[in-house]
Amino acid sequence: MAAADESLPAVWSGLDKLPEMDEGQFERWVELLRERTGMCMPRERKSFLVTSVGLRMREVGYEDYDAYLQYLVSGRGGNLEWTTLVDRLTVHETRFFRDARSVDFVREACLPAMLERMRSGEAVQLWSAGCSTGEEAFTLAMVMENELVRHGLSGYYGIIGSDISLHSLAAAKQGIYHNRRLAQIPEGLRERYCEPLGVSRFRIDDTLRRRVCFAQSNILDAARAPFASMDVIYCQNVLIYFDREHRRQILDGLSERLRDGGTLVLAPGEVIGWSNPRMRRVGDSGVLAFQRMG
Ligand SMILES: C[S@@+](CC[C@H](N)C(=O)[O-])C[C@H]1O[C@@H](n2cnc3c(N)ncnc32)[C@H](O)[C@@H]1O
């Protein structure tokens with residue numbers, strides 16, 4: 001994409017050592033990332049930043065960090081290139097049923113109220129914020145679908161998966177994974193919701209894929225996200241990449257997006273010292289969850 005842009009200089013050749021990034025340059029990159037994504041890049045991660053930015057800028061033909069930064073902040077080509085760079089700088093590691101206790105908490109503590117609302121004809125909505133390649137959103141879908149079937153209900157629920165990374169979202173939309181990931185899914189659910197695809201991959205079945213939609217959204221803008229009245233917002237292993245002030249902004253924003261009685265589920269130990277007058281801590285010490293009060 002950006003490499004085809006004629007405003008880009010000729011592509012670097014060879015495996016030369018990446019150029020040094022001086023203090024001023026490092027600070028400008030840290031500030032750009034902080035301002036645009038809220039991402040926190042401490043000094044200990046400087047070598048990660050230099051390698052990620054350096055390799056990418058070389059791929060698109062730049063040899064100077066300042067010139068590449070200028071390209072990123074000016075014009076349409078820069079916007080496209082920005083999405084690729086952000087993808088390189090963010091951690092996308094994820095798994096199905098990643099935190100079993102939090103999933104159990106959704107099933108045991110949040111689901112009864114959701115089933116009740118579905119019984120009376122209301123739709124319920126869950127949001128996997130920072131969903132990476134979709135495993136978390138499909139985990140929630142498996143739990144919801146399985147419980148609906150178990151209770152003989154046919155109510156409506158929808159799940160939104162959002163992320164800043166277009167590359168991850170493209171994979172999530174496909175719902176295709178390597179067979180290695182099957183072991184992460186409890187056996188009964190695996191058989192019900194995962195269809196073999198060739199010899200080495202599987203696909204999440206249509207019933208679940210119809211319930212889940214994926215959209216790009218910067219979690220920093222959570223307060224203005226077009227997803228409202230959520231029953232559950234599940235946001236794990238995302239906040240760790242933000243500084244304290246941005247975490248507070250995100251958590252307050254996510255709280256705004258819940259319905260009264262809705263629950264925000266974070267990863268255990270991910271946040272310390274946050275409070276919001278509308279939210280009360282729920283669940284035992286093995287989970288980190290907050291319920292919005294009416
Ligand atoms: C480590 S993954 C966590 C995935 C999943 N929630 C889990 O726990 O397995 C972190 C995800 O947060 C996303 N992310 C980072 N900054 C973001 C932002 N500002 N807005 C939305 N998503 C962001 C990354 O792209 C990445 O996919």
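A polar contact is a pair of N or O atoms within 3.5 Å. In this predicted model, a polar side-chain atom of Asp-163 and an oxygen atom of the ligand are 2.6 Å apart, so the pair falls within that cut-off.

**Residues around the ligand**

- Thr-94 places a polar side-chain atom 2.6 Å from an oxygen atom of the ligand.
- Asp-163 also has a polar side-chain atom 2.6 Å from a ligand oxygen atom.
- For Asn-218, an N or O atom of the side chain lies 2.9 Å from a nitrogen atom of the ligand.

**Arg-101**
- Arg-101 is part of helix H5, which spans residues 100-119.
- Beyond its neighbours within four places in sequence, Arg-101 is in contact with Asp-284, Gly-286 and Val-287.
- Between Arg-101 and Ser-217 there is a separation of 116 residues in sequence, and their C-alpha atoms are 27 Å apart in space.

Key: Residues are numbered from 1 along each chain as its sequence is written. This is a predicted model: local features need pLDDT of at least 70, side-chain atom pairs count only at pLDDT 80 or more; totals for chains, interfaces and linings use all residues. Side-chain values use heavy atoms; hydrogens and water are left out. Helices (H or I, at least four residues) and strands (E, at least two) are DSSP runs, numbered from the N terminus. Contact means heavy atoms within 4.5 Å. A polar contact is a pair of N or O atoms within 3.5 Å; within protein, one must be able to donate a hydrogen and the other to accept it, and residues adjacent in sequence count only if both atoms are side-chain atoms.
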